[in-house]
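Hello,

I am handing over the structure below. My notes on it follow.

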2 protein chains.
Amino acid sequence: MDRYKNIGLKLTPQRLAILDFLEGNTTHPSAEEIFAAVSDRFPTMSFATVYNTLETLKEKGAVIELTGDPRKKRFDPNTAPHHHLICIRCRRIADVQVDYKIDLPRSSRMGFEITGNHIEFYGVCPACRKGGPEKTGSGVQTAGEESHEN
Amino acid sequence: MDRYKNIGLKLTPQRLAILDFLEGNTTHPSAEEIFAAVSDRFPTMSFATVYNTLETLKEKGAVIELTGDPRKKRFDPNTAPHHHLICIRCRRIADVQVDYKIDLPRSSRMGFEITGNHIEFYGVCPACRKGGPEKTGSGVQTAGEESHEN
DNA sequence: CAATTAGGTTAGAATAATTATAAAGAGATG
DNA sequence: CATCTCTTTATAATTATTCTAACCTAATTG
């Protein structure tokens with residue numbers, strides 16, 4: 001929690017509650033899940049505060065907003081460079097700590113100034129493999145991607 | 001267009017109009033943009049038809065649904081394996097045809113059965129570099145990712 | 001050709017997620 | 001204490017997407 005003291009952020013009780021829930025959390029929660037968890041111990045919490053706080057934290061670089069789940073925003077308190085493994089059935093997201101050196105050749109940059117990259121691995125998680133969860137259907141961003149496999 | 005004849009799909013005028021708009025389109029349009037473009041030439045087009053058709057095409061593997069824009073769904077008629085370069089300001093998405101061999105070591109797969117992967121490169125597009133477009137703010141999925149750079 | 005069936009399309013309602021607004025609160029400063 | 005700034009809250013509004021029910025169309029059958 002110390003890491004938040006010096007980012008020029010007023011640490012209100014609500015923000016602390018959110019930060020406390022996020023700290024060390026590897027489930028990549030959505031705004032909804034954060035709201036649910038935090039309003040338990042903090043019944044006056046408002047949904048707007050969750051979004052406001054997340055937006056602020058994002059600007060300060062204390063959390064990262066994830067893509068990969070087209071249905072809702074998800075947030076990751078782990079701001080160190082890492083990639084993700086996404087279940088195409090239930091949308092569960094796991095961390096991938098493997099470090100890849102991927103460079104986009106200048107000739108392919110289309111004039112963009114590159115600031116970073118992120119790899120999404122797709123797959124079926126153990127639970128879904130046994131006909132488990134599967135709350136979500138619609139496989140996203142998977143077709144044709146198999147050939148990247150080895 | 002021939003590629004669509006044999007995927008077991010009834011080629012109605014509406015579907016043809018959508019397919020025609022998508023064909024060779026590299027702008028990764030959203031449902032909204034597709035609707036706007038197609039209802040020009042086809043004023044009776046309904047939004048539901050756009051979503052229905054895209055969902056059907058996705059199931060048939062004729063288009064890919066993209067992640068990378070948290071605000072809306074986007075679709076890519078290019079189903080060959082490729083990656084994307086995303087402007088963190090205006091959310092424009094460009095194709096990256098470079099082929100990367102990235103493999104997730106078995107020890108990092110968390111029991112997932114891997115089906116594919118997708119790299120998102122982040123950057124600032126030429127237009128936004130000159131204080132151009134920038135319709136969107138909120139940089140997504142960029143913090144900490146710089147260190148993947150070379 | 002009338003009746004039937006199987007999608008497909010449409011308009012509009014309904015949902016879900018997110019964002020905006022306006023009023024109230026809390027803390028710091030002069 | 002008055003003022004200022006920022007935060008929080010409740011609620012309304014917006015946006016994107018999905019659902020529903022009625023309608024349409026083409027193919028099929030009798």
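**Contacts with DNA strand D**

A polar side-chain atom of A:Arg15 is 2.8 Å away from a phosphate oxygen of DNA strand D. The pair is a polar contact, that is, two N or O atoms within 3.5 Å; within protein, one must be able to donate a hydrogen and the other to accept it, and residues adjacent in sequence count only if both atoms are side-chain atoms.

Before the rest, the conventions. This is a predicted model, in which local features need pLDDT of at least 70 and side-chain atom pairs count only at pLDDT 80 or more, while totals for chains, interfaces and linings use all residues. Residues are numbered from 1 along each chain as its sequence is written, chains are lettered from A and ligands numbered from 1 in the order in which they are written, and side-chain values use heavy atoms, with hydrogens and water left out.

Two further residues of chain A reach the phosphates of DNA strand D. For A:Thr44, an N or O atom in the side chain is 2.8 Å from a phosphate oxygen. For A:Ser46, a polar backbone atom is 3.3 Å from a phosphate oxygen.

In total, 15 residues surround DNA strand D, and the closest are A:Thr12, A:Arg15, A:Thr44, B:Tyr51 and B:Lys73. A residue counts as near a strand if one of its heavy atoms lies within 4 Å of it. Of the atoms of DNA strand D that come within 4 Å of the protein, 86% are accounted for by sugar and phosphate.

Helix H1 (13-22) and H3 of chain A, together with helix H3 (47-60) of chain B, each supply at least two residues of this surface. H3(A) has the largest share, 3 residues. Helices (H or I, at least four residues) and strands (E, at least two) are DSSP runs, numbered from the N terminus.

**Contacts with DNA strand C**

DNA strand C is also surrounded by 15 residues, the closest being A:Tyr51, A:Lys73, B:Thr12, B:Thr44 and B:Thr49. Sugar or phosphate makes up 84% of its atoms within 4 Å of the protein, and the rest belong to bases.

Phosphate oxygens of DNA strand C lie 2.3 Å from an N or O atom in the side chain of A:Tyr51, 2.8 Å from one in the side chain of B:Thr44, and 2.7 Å from a polar side-chain atom of B:Thr49. H3(B) gives the most to the surface near DNA strand C, with 3 residues. By class, that surface has 4 nonpolar, 6 polar and 5 charged residues. Here Ala, Val, Leu, Ile, Met, Phe, Trp, Tyr, Cys and Pro count as nonpolar, Asp, Glu, Lys and Arg as charged, and the others, Gly among them, as polar.

**Chain A against chain B**

How many residues of each chain are in contact? The count is 60 residues of chain A and 60 residues of chain B, where contact means heavy atoms within 4.5 Å. The two chains bury about 5700 Å² between them, 57% of it on carbon and sulfur atoms. Buried area is the accessible area (1.4 Å probe) that two parts lose on being put together, summed over both.

There are 2 salt bridges between the chains, a salt bridge being a side-chain nitrogen of Lys or Arg within 4 Å of a carboxyl oxygen of Asp or Glu. One of them joins A:Arg129 and B:Glu113 at 3.6 Å, N to O.

S5(A) and strand S5 (residues 113-124) of chain B run antiparallel and are joined by 11 bridges; two strands pair if DSSP finds at least two bridges between them. In this pairing A:Gly123 stands opposite B:Ile114.

Regards
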